[in-house]
Amino acid sequence: MIRQIYIAIGALKVSRAFILRYRLWEKWESMKWMHTLFTALAIYVGLKMFGMIGSALANLGHLASGDLDAVKLGFNISSLPDWSFVQSDTYKYFFLFFVMAMVYHIGGRSLEIIYGIPYRPSFKLFVRSQFRTTILLFICFVLEQVTVSISSGVLSIFGGDWLSGPVKFLIQSFLFGAVFIDMLHEIRGWTLKQGIKHSFNYYPGISITLGAVGLLLSYVPFLGVLLNGLLTVAFLIAIRRVENTMAIAH
């Protein structure tokens with residue numbers, strides 16, 4: 001686990017040079033439908049996040065002026081809907097569904113370079129991939145609810161309620177990362193169950209570390225979408241490095 005964390009951090013550091021060297025943004029123009037998904041997500045999530053930030057700043061202004069009634073009114077009317085959207089357990093899965101348009105392209109180009117798998121993008125293949133992703137996201141959502149509930153219950157019994165938050169974040173980070181790694185599992189013809197199990201058995205450190213980075217970046221307005229798409233490179237570099245040291249690729 002610790003070794004994989006170091007590998008993941010190292011992959012994150014070199015991913016920028018990899019992206020620039022191989023110009024992974026090329027061939028993007030031929031996928032107009034990806035532009036549509038990307039733009040829709042950036043606008044929707046960006047407006048939500050900027051609305052949340054704007055509400056928070058407005059309320060800070062009311063607080064500084066001593067207008068406590070305005071602060072309460074501001075949070076009741078504008079802040080809570082935005083916060084509830086971002087803080088809900090479904091937010092990250094909604095985010096992942098749309099960011100897969102970026103992952104599909106960046107990941108496809110990276111797989112071609114790292115694994116020698118030809119990248120031949122088509123709308124049909126993308127739709128099929130999105131359908132698989134939709135099922136995976138639902139499975140991850142259910143797994144999160146079950147595992148978080150069980151872990152919270154166990155921690156509560158042993159007086160470790162204070163650990164519930166960190167444990168939930170680790171679970172969410174792993175599942176967030178597992179969605180990215182599934183791109184490789186799909187190419188290898190594995191089922192969703194096989195993919196999740198493989199990530200848990202062989203890539204837990206990578207999934208948690210880079211998944212945590214992606215999860216945190218998902219809260220960054222606009223740039224979070226782009227940066228998560230580029231994070232795919234770090235995932236694939238890290239996995240390749242692990243596979244080079246352990247004979248686990250099938």
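Ala, Val, Leu, Ile, Met, Phe, Trp, Tyr, Cys and Pro count here as nonpolar, Asp, Glu, Lys and Arg as charged, and the others, Gly among them, as polar. The model is predicted, so local features need pLDDT of at least 70 and side-chain atom pairs pLDDT 80 or more, while totals for linings use all residues. Residues are numbered from 1 along each chain, and side-chain values use heavy atoms, without hydrogens and water.

**View 1. Lining of the largest pocket.** The residues of this lining divide into 14 nonpolar, 4 polar and 4 charged. The pocket (an open set of points on a 1 Å grid where a 1.4 Å probe fits, with protein on both sides within 12 Å along at least five of seven lines; lining residues have an atom within 4 Å of a point) has a volume of about 410 Å³. Of its 22 lining residues, Tyr-104, Ser-129, Met-183, Glu-186 and Ile-187 are the closest to its centre. Helices α4 (91-114), α5 (123-157) and α6 (164-187) each supply at least two residues of the lining; helices are DSSP runs (H or I) of at least four residues.

**View 2. The second largest pocket.** Its volume is about 280 Å³. The lining has 11 nonpolar residues, 1 polar and no charged ones. Helix α6 gives the largest share, 5 residues.

View 3. Gln-172 lies in helix α6 and is buried (under 20% relative accessible area, 1.4 Å probe), because its relative accessibility is 11%. Its side chain forms a polar contact (N or O atoms within 3.5 Å, one able to donate a hydrogen and the other to accept it) of 2.9 Å with the side chain of Glu-144.

Notes:
Grid points are joined across faces, edges and corners, and a volume is the space filled by probe spheres set on the points. Buried means under 20% relative accessible area, exposed over 50%, partly exposed in between (1.4 Å probe, protein chains only).
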